Amino acid sequence: MPRIAVLASGGGSNLQALLERLDTLGKAAPAEVSLVISDRAQSYALGRARLRDIPALHLPASSPEGALEQALATHDIGLVVLAGYLRLVPAAVVRRWAGRVLNVHPALLPAFGGPGMYGHRVHDAVIASGARVSGATVHFVDEQFDRGPIIAQWPVPVPAGDTRDALAARVLAVEHRIYPWCIEAVARGIVRLGDDGTVHGALPFDFPRFGVEGPQHPFVPAG
Ligand code: GRF
């Protein structure tokens with residue numbers, strides 16, 4: 001069973017959503033969260049891990065080069081999941097875990113992503129642009145912020161007069177649903193990054209069919 005490391009800088013609500021999804025799957029879960037790493041000692045993601053006796057590691061920005069790779073290797077990690085992680089993943093990690101590093105971004109990439117585009121900055125930029133749709137994007141991670149091949153996206157409306165907090169909450173609720181499914185799909189091999197750098201396989205998301213209720217779980221778990 002693939003061992004997942006979750007990397008987070010903030011509250012870790014996406015970590016929590018993943019843990020709860022894996023709880024729901026029980027014995028049918030295709031992977032387990034085996035390590036949580038944060039660059040910030042006060043990140044509540046570390047607290048969430050400790051509550052479940054999952055190893056929780058604080059790796060500050062000042063850590064020696066190679067520390068992240070070393071930690072992932074020591075814990076025999078198969079899948080690396082970024083969940084509100086604000087640091088660039090070192091190229092050595094991206095290469096060694098090629099096709100096995102995922103990220104969630106709170107906008108529809110390739111718009112509103114890249115260096116410095118995180119947290120409320122993303123939602124402020126969306127609102128300032130006048131866009132009427134934002135959303136969540138799950139993608140494979142490459143050596144640049146928010147740029148790797150896209151696995152799944154889900155739109156949310158940006159009504160006139162929207163505020164960044166309301167938009168952030170709307171997008172986060174979608175992240176909590178689609179990210180665990182994408183992680184599950186990659187862990188099961190339903191979706192993978194091909195040698196050609198494109199995404200093979202797909203989550204059968206179908207916007208009109210799911211309508212305004214939002215995304216429903218797209219596939220039946222095996223086993
Ligand atoms: C999420 O919006 C995620 O997309 C972004 O940072 C936020 C993290 O939230 N990268 P949390 O720490 O998972 O609660």
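A pocket is taken here as an open set of points, on a 1 Å grid over the protein atoms alone, with protein on both sides within 12 Å along at least five of seven lines, and its lining residues have an atom within 4 Å of a point. Grid points are joined across faces, edges and corners, and a volume is the space filled by probe spheres set on the points. The model is predicted, so that local features need pLDDT of at least 70 and side-chain atom pairs count only at pLDDT 80 or more, whereas totals for chains, interfaces and linings use all residues. Residues are numbered from 1 along each chain as its sequence is written, and side-chain values use heavy atoms, with hydrogens and water left out.

The second largest pocket has a volume of about 340 Å³, and among its 19 lining residues Pro64, Glu65, Gly66, Leu68 and Pro90 lie nearest its centre. Two or more residues of this lining come from each of helix H3 (67-74) and helix H4 (91-96), where helices (H or I, at least four residues) and strands (E, at least two) are DSSP runs numbered from the N terminus. The lining comprises 13 nonpolar, two polar and four charged residues; Ala, Val, Leu, Ile, Met, Phe, Trp, Tyr, Cys and Pro count as nonpolar, Asp, Glu, Lys and Arg as charged, and the others, Gly among them, as polar.

The largest pocket has a volume of about 710 Å³ and is lined by 37 residues, with Gly84, Tyr85, Leu86, Tyr118 and Gly119 nearest its centre. Its lining divides into 16 nonpolar, 16 polar and five charged residues. The ligand sits in this largest pocket, in the sense that more than half of its atoms lie within 2 Å of the grid points of the pocket. Helix H1 (13-25), strand S5 (101-105) and helix H6 (164-188) each give two or more residues to the shell around the ligand, a shell made up of residues with a heavy atom within 4 Å of the molecule. By class, this shell has three nonpolar, seven polar and one charged residues, and Gly84, His105 and Leu172 are among its members.

Polar contacts are pairs of N or O atoms within 3.5 Å. A side-chain N or O atom of glutamate 175 is 2.6 Å from an oxygen atom of the ligand, while a backbone N or O atom of glycine 12 lies 2.8 Å from a ligand oxygen atom, and for a backbone N or O atom of asparagine 14 the distance to an oxygen atom of the ligand is 2.8 Å.

Most residues other than glycine have a negative phi, and most peptide bonds are trans. Aspartate 53, however, has a positive phi near 60°, and leucine 109 and proline 110 are joined by a cis peptide bond with omega about 10°.

Conventions:
A polar contact is a pair of N or O atoms within 3.5 Å; within protein, one must be able to donate a hydrogen and the other to accept it, and residues adjacent in sequence count only if both atoms are side-chain atoms. On a 1 Å grid over the protein atoms alone, a cavity is a set of points where a 1.4 Å probe fits but cannot get out, and a pocket is an open set with protein on both sides within 12 Å along at least five of seven lines; lining residues have an atom within 4 Å of a point.
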